[in-house]
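Subject: Structure handover and findings

Hello,

My notes on it follow below.

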Amino acid sequence: NAMSYEPKLNDYVKWNRDKFPVEGWIYFMDSAYLTIEIGTKDKHCDDVEHCPIHSKYHTLVVCYPESWKQLTYVKSRECVYDEK
């Protein structure tokens with residue numbers, strides 16, 4: 001039942017909006033909102049040198065709790081570093 005799905009960090013979801021449907025990994029989550037990672041891009045080596053803890057740019061879409069009922073679970077991953 002889609003209504004009983006509770007979003008969790010590192011779930012891959014589809015956000016079934018009327019326009020511009022979104023799908024990706026839940027990258028951050030708290031009670032105020034969650035973010036869905038829809039893409040990554042490698043940073044230029046100069047950028048990584050200045051901020052070595054992050055090697056990629058992440059494109060995230062914000063999803064507020066009133067829209068969580070529109071999310072459909074697809075699969076899960078162990079952690080943010082798991083690319084599957």
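Ile 36 is in contact (heavy atoms within 4.5 Å) with Val 13, Trp 15, Val 22, Glu 23, Gly 24, Trp 25, Thr 59, Leu 60, Val 61, Cys 63 and Leu 71, leaving aside its neighbours within four places in sequence. This is a predicted model: local features need pLDDT of at least 70, side-chain atom pairs count only at pLDDT 80 or more, and totals for chains, interfaces and linings use all residues. Residues are numbered from 1 along each chain as its sequence is written, and side-chain values use heavy atoms, with hydrogens and water left out.

Ile 36 lies in strand β3 (residues 34-42). Strands here are DSSP runs of E, at least two residues long, and numbered from the N terminus. Is Ile 36 buried or exposed? Its relative accessibility is 0%, so Ile 36 counts as buried. The cut-offs are under 20% relative accessible area for buried, over 50% for exposed, and partly exposed in between (1.4 Å probe, protein chains only). One of its contacts is Glu 23.

In soluble globular proteins, nonpolar side chains tend to be buried together.

Not counting residues up to four places away in sequence, Leu 34 touches Pro 7, Ile 26, Phe 28, Met 29, Val 61, Val 62, Cys 63, Trp 68 and Leu 71.

**The sheet**

Five strands form an open sheet in the order β4-β3-β2-β1-β5, with antiparallel pairing. β4 (56-63) and β5 are the edge strands, and each pairs on one side only. From one strand to the next, the twist averages 45°. Axes are lines fitted to C-alpha atoms, and angles run from 0 to 180 degrees between N-to-C directions. Two strands pair if DSSP finds at least two bridges between them.

Strand β1 (residues 11-15) has four of its five residues buried. Five bridges join β1 to β5 (residues 71-76), in the antiparallel sense. There, Tyr 12 has Lys 75 as its bridge partner. β1 also pairs with β2 (residues 22-29), over four bridges. Lys 14 stands opposite Glu 23 in β2. β1 and β2 form a hairpin with six residues between them. In the turn, Phe 20 has a positive phi of about 55°.

**Salt bridge**

How many salt bridges does the structure hold? One. The criterion is a side-chain nitrogen of Lys or Arg within 4 Å of a carboxyl oxygen of Asp or Glu. Lys 56 pairs with Asp 42, and the closest N and O atoms are 2.8 Å apart. Lys 56 lies in β4 and Asp 42 in β3, so the pair ties together parts that are 14 residues apart in sequence. Lys 56 is partly exposed, at 28% relative accessible area. Asp 42 is exposed, at 54%.

**After β5**

Cys 79 sits in the segment after β5. At 31% relative accessibility, Cys 79 counts as partly exposed. Cys 79 and Asn 10 are 69 residues apart in sequence, but 6.1 Å apart in space, C-alpha to C-alpha.

Best regards
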